[in-house]
Amino acid sequence: EILPYLIDTLGVVVIADTLHHNPPPRFERGLLDPALVDEYPDFVGEFFTRYPGVNVFTPFNEPTATLDFCACRRWWH
């Protein structure tokens, strides 16, 4: 209810962040979990189907931290 109100009524441009520094806890290996690779595209598709008014997004929040620190260097999940 909130997103349609913000977008349609107030004219707010919502920038969606579909993957922050770490995925949901059920992905035990974090960004290295094979299940994330399989499920993430479906999640993003479902998100934008559910919220068609959101047309701006960041694929990764803070890509240096997410991709380099998490995935490459494995400094944190």
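Visitor: Which backbone nitrogen lies 2.9 Å from a polar atom of the side chain of D33? Please describe the surroundings of D33 as well.

Guide: The backbone nitrogen is that of A35. This is a predicted model, in which local features need pLDDT of at least 70 and side-chain atom pairs count only at pLDDT 80 or more, while totals for chains, interfaces and linings use all residues. Residues are numbered from 1 along each chain as its sequence is written, and side-chain values use heavy atoms, with hydrogens and water left out.

D33 sits in the loop between β1 and α2. Helices (H or I, at least four residues) and strands (E, at least two) are DSSP runs, numbered from the N terminus. The strand β1 covers 15-17, and the helix α2 covers 34-50. D33 counts as buried because its relative accessible area is 11%; buried means under 20%, exposed over 50%, and partly exposed in between, with a 1.4 Å probe and protein chains only. Leaving aside residues up to four places away in sequence, D33 touches R26, F27 and E28, where contact means heavy atoms within 4.5 Å.

T18 is found in that loop between β1 and α2 too. T18 is buried, with a relative accessible area of 11%. The side chains of T18 and Y40 are joined by a polar contact of 2.6 Å. A polar contact is a pair of N or O atoms within 3.5 Å; within protein, one must be able to donate a hydrogen and the other to accept it, and residues adjacent in sequence count only if both atoms are side-chain atoms. With residues up to four places away in sequence not counted, the residues that T18 touches are Y40, F43, V44, F48, T58 and P59.

L10 counts as partly exposed because its relative accessibility is 49%.

As for the setting, the chain has three helices and two strands, in the order α-β-α-β-α along the sequence. Of its 77 residues, 30% count as buried. Among contacts between residues at least 6 apart in sequence, 61% join residues at least 24 apart.
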